[in-house]
Amino acid sequence: MSAHAAPEVDAETVRGLADRLGRPADGPSLRWDVEPLASPLQPDARVHRLRVTGASAGAAGAWSTVLKVVPADATVEQRREVAVYRSGLLGALPEGLRAPACLWIQERADGATWLWLED
């Protein structure tokens, strides 16, 4: 098994995420890159980190999010996390438990679903 190539993230998507995070994201110095986050337990995982940098990335100068790619041909098990985030169940976890905040569930033209989570 091999890790999947990092998806192409465009400026419109970066601006959409920035809006959801309340961060500025414009200007010529804005840069971003996407790196795969594979682990020995999940070497074929479709999980990536988006890092945004540059003077126009905000006062801190950088921010990041996690992207989970659920392909169009995903199994029910692979789609489960998206369904759980859509359901709102994670907002009712017992005290002391917290799931990463879902920033955006982005339906893609190719049928894939991109699940953007806080890093």
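These legends describe close-up views of a predicted model.

**View 1. Helix α1 against the strands.** Helix α1 covers residues 11–21, and its buried residues are Thr13, Val14, Gly16, Leu17 and Ala18. These buried residues pack against five strands: β1 (31–36), β2 (47–53), β3 (62–70), β4 (102–107) and β5 (113–118). An α-helix has 3.6 residues a turn, so residues three or four places apart point the same way. Gly22 follows α1 and has a positive phi, near 70 degrees.

View 2. Strands β2 and β3 are antiparallel and share 7 bridges. Leu50 has Thr65 of β3 as its bridge partner. Thr65 in turn has a bridge partner in β5, namely Glu118. The pairing of β3 with β5 is antiparallel, with 6 bridges, and Lys68 stands opposite Leu115 of β5. Strand β5 also pairs with β4 in the antiparallel sense, over 5 bridges. Of the 6 residues in β5, 5 are buried.

**View 3. The β4–β5 hairpin and its tryptophans.** A hairpin is formed by β4 and β5, with 5 residues between the two strands. Gly111, in the turn, has a positive phi of about 95 degrees. Across the strands, Trp104 stands opposite Trp116 of β5. The structure has 1 aromatic pair. That pair is Trp114 with Trp116, in an edge-to-face arrangement with 6.0 Å between centres and 70 degrees between planes. Both Trp114 and Trp116 are buried.

**View 4. Arginines over tryptophan rings.** Arg20 lies over the face of Trp104, 3.8 Å from the ring centre. Arg108 places its charged end over the ring of Trp114, at 3.7 Å from the centre.

**View 5. The nonpolar cores.** The largest nonpolar core has 15 residues, and the members that touch the most others are Val14, Leu17, Leu50, Trp114 and Trp116. At least two residues of this core come from each of α1, β2, β3, β4 and β5. Apart from this core lies another, of 7 residues, including Val70, Tyr85, Ala99 and Leu117. Leaving out residues up to four places away in sequence, Trp116 touches residues that include Val9, Thr13, Leu17, Leu50, Thr65, Val66, Leu67, Ala101 and Cys102.

View 6. The whole structure contains 5 salt bridges. In one of them, the side chains of Arg51 and Glu35 meet at 2.7 Å, N to O. Arg51 is in strand β2 and Glu35 in strand β1, so this pair ties together parts 16 residues apart in sequence. Arg51 is partly exposed, at 35% relative accessible area, and Glu35 is also partly exposed, at 26%.

View 7. Glu81 and Lys68 form a salt bridge in which the closest N and O atoms are 3.0 Å apart. Glu81 belongs to helix α2 (residues 76–87) and Lys68 to strand β3, so the pair links distant parts of the chain, 13 residues apart. The relative accessible area is 30% for Glu81, which counts as partly exposed. Lys68 is partly exposed as well, at 24%.

View 8. The side chains of Glu118 and Arg98 meet in a salt bridge at 2.5 Å, N to O. Glu118 is partly exposed, at 27% relative accessibility, whereas Arg98 is exposed, with a relative accessible area of 64%.

How values were computed
Residues numbered from 1 in each chain as written. Predicted model: local features only at pLDDT ≥ 70, side-chain atom pairs only at ≥ 80, totals over all residues. Heavy atoms only, no water. Phe/Tyr/Trp six-rings, centres within 6.5 Å; stacked < 30°, edge-to-face > 60°. Buried < 20%, exposed > 50% of the residue type's maximum accessible area, 1.4 Å probe, protein only. Lys NZ or Arg CZ within 6 Å of the ring centre and 35° of its normal. Helix = DSSP H or I, 4+ residues; strand = E, 2+ residues; numbered from the N terminus. Contact = heavy atoms within 4.5 Å. Pairing = 2+ DSSP bridges. Core = buried A, V, L, I, M, F, W, Y, C linked by side-chain atoms within 4.5 Å. Salt bridge = Lys/Arg side-chain N within 4 Å of Asp/Glu carboxyl O.
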